[in-house]
Amino acid sequence: MSYIDLHTHSTASDGADTPSELVENAHKKGLSAIALTDHDTLDGLVEAREAARDLNIELVRGCEISVSADIGEVHILGFWVPEKADKLESFLSHMREKRCERNSLIIKKLQKQGFQISEEELRENAQGSIGRPHMARILLEKGYVSTINDAFDKYLGKGGSAYVPRAKMDPVYVVKLLSGLGATVAIAHPLLNNVPADKLESFIYGLMPYGLDALEAWHSAHDEAKTRQVIKLAKRFNLGLTGGSDYHGVIKPDIALGEVGTGERISGEILENLKNLHKQKGLPC
Ligand code: AMP
Ligand code: FE
Ligand code: FE
Ligand code: ZN
């Protein structure tokens with residue numbers, strides 16, 4: 001039996017492990033394959049590929065794109081994103097610019113509330129695709145909050161006093177873009193935000209004509225019931241299934257690489273099925 005993890009983050013976005021450390025950790029955990037799915041960036045993939053080659057781990061080139069949709073925030077995973085994808089790179093660069101604008105507004109709100117935090121500091125403490133977890137870490141290091149979760153609950157999360165909504169982005173555009181480039185497209189953690197079932201279903205249905213391939217059933221935020229619910233939904237819509245921990249390293253200490261909310265490891269069969277789906281479309285993995 002082989003085990004995998006198709007949802008992980010590195011320091012190229014808000015993970016705590018460098019891409020090489022992430023691959024080394026996957027090796028230690030005995031995983032045969034991982035997908036690096038950093039938020040709005042492909043920048044960690046070259047380093048990860050080198051490390052994966054050295055340790056004989058299969059690396060799936062991935063990314064996770066955050067969009068603000070009518071049903072709230074939705075994350076879209078792309079797998080087997082091509083190496084030469086100028087259109088995707090320029091889209092991701094646009095998304096990162098939007099992130100910077102939002103980060104700057106959040107910092108201003110925090111400053112107004114008396115916190116000693118600056119944009120320069122944020123840039124010094126982070127590289128790549130910067131977001132709220134990096135700000136949470138600064139608030140934690142300065143003793144303003146006792147945990148990262150606390151920073152989200154009080155200040156950075158929805159309902160928090162420094163919350164700024166993400167700029168709207170049409171999920172159809174993202175699905176079309178990824179699919180058009182030959183990537184396999186999945187909705188990440190569909191049950192994370194407790195969207196009402198009918199709204200979620202019509203959202204998923206609406207993306208299917210544009211190339212949506214799969215739903216993420218196994219995830220650290222999905223217990224057995226939620227995992228089963230997603231599997232059922234995917235069957236009904238004739239979609240594939242994916243699974244990953246959403247590992248971020250020490251920044252999210254409750255999430256272990258290669259493990260999901262049901263307490264299980266993720267079977268290599270899930271990757272094989274996804275690959276078959278990908279190949280059925282005539283695309284190389
Ligand atoms: P951003 O991309 O700037 O909107 O930040 C969102 C990211 O913050 C998510 O992808 C998660 O990795 C992380 N996040 C969201 N809520 C929490 C939380 N309560 N505790 C820790 N991390 C969180
Ligand atoms: Fe994240
Ligand atoms: Fe996500
Ligand atoms: Zn993620």
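**Pockets, ligand site and cavity: close-up views**

**View 1. Lining of the second largest pocket.** Six nonpolar, four polar and one charged residue make up the lining of the second largest pocket. Ala, Val, Leu, Ile, Met, Phe, Trp, Tyr, Cys and Pro are counted as nonpolar, Asp, Glu, Lys and Arg as charged, and the others, including Gly, as polar. The model is predicted, and local features need pLDDT of at least 70, side-chain atom pairs count only at pLDDT 80 or more, while totals for chains, interfaces and linings use all residues. Residues are numbered from 1 along each chain as its sequence is written, chains are lettered from A and ligands numbered from 1 in the order in which they are written, and side-chain values use heavy atoms, with hydrogens and water left out. The pocket holds about 260 Å³ of space. Its lining consists of Trp-218, Asn-238, Leu-239, Gly-240, Leu-241, Ser-267, Glu-269, Ile-270, Asn-273, Leu-274 and Leu-277. Strand 7 (240-243) and helix 10 (268-280) are the elements that each give two or more residues to this lining. Helix 10 contributes the largest share, five residues. Helices (H or I, at least four residues) and strands (E, at least two) are DSSP runs, numbered from the N terminus.

**View 2. The largest pocket.** The largest pocket has a volume of about 1300 Å³. A pocket is an open set of points on a 1 Å grid over the protein atoms alone, with protein on both sides within 12 Å along at least five of seven lines; lining residues have an atom within 4 Å of a point. Points are joined across faces, edges and corners, and a volume is the space filled by probe spheres set on them. Of the 40 lining residues, His-75, Arg-132, Phe-152, Leu-192 and Lys-252 lie nearest the centre of the largest pocket. The lining divides into 12 nonpolar, 16 polar and 12 charged residues. Strand 3 (58-69), strand 4, helix 3, helix 5 and helix 6 each supply at least two residues, and helix 6 gives the most, with four.

**View 3. Ligand 1 and its shell.** The largest pocket is the space taken by ligand 1; a molecule sits in a pocket if more than half of its atoms lie within 2 Å of the pocket's grid points. Helix 3 (86-112), helix 5 (132-141) and helix 6 (148-156) are the elements that give two or more residues to the shell around ligand 1. The most come from helix 6, with three residues. The shell has 14 residues, the closest being Arg-102, Arg-132, Asn-149, Arg-166 and Lys-252; a residue is included if one of its heavy atoms lies within 4 Å of the ligand. By class, three are nonpolar, five polar and six charged.

**View 4. Polar contacts of ligand 1.** A polar contact here is a pair of N or O atoms within 3.5 Å. A polar side-chain atom of Arg-102 is 2.8 Å from an oxygen atom of ligand 1. For Asn-149, a polar side-chain atom lies 2.8 Å from a nitrogen atom of the ligand. A side-chain N or O atom of Asp-14 is 3.2 Å from an oxygen atom of ligand 1. Ligand 1 taken alone exposes 500 Å², of which the protein buries 81% (Shrake-Rupley method, 1.4 Å probe).

**View 5. The cavity.** One cavity of 30 Å³ or more is present in the structure; a cavity is a set of grid points where a 1.4 Å probe fits but cannot get out. The largest cavity has a volume of about 100 Å³. It is lined by 13 residues, and Glu-73, Val-74, His-189, Pro-190 and Asn-193 lie nearest its centre. Strand 4 (72-79) and helix 8 (197-207) are the elements that give two or more residues to this lining. Strand 4 gives the most, three residues. Nine residues of the lining are nonpolar, three polar and one charged.

Notes
Polar contact = N/O pair within 3.5 Å; in protein donor to acceptor, adjacent residues only side chain to side chain.
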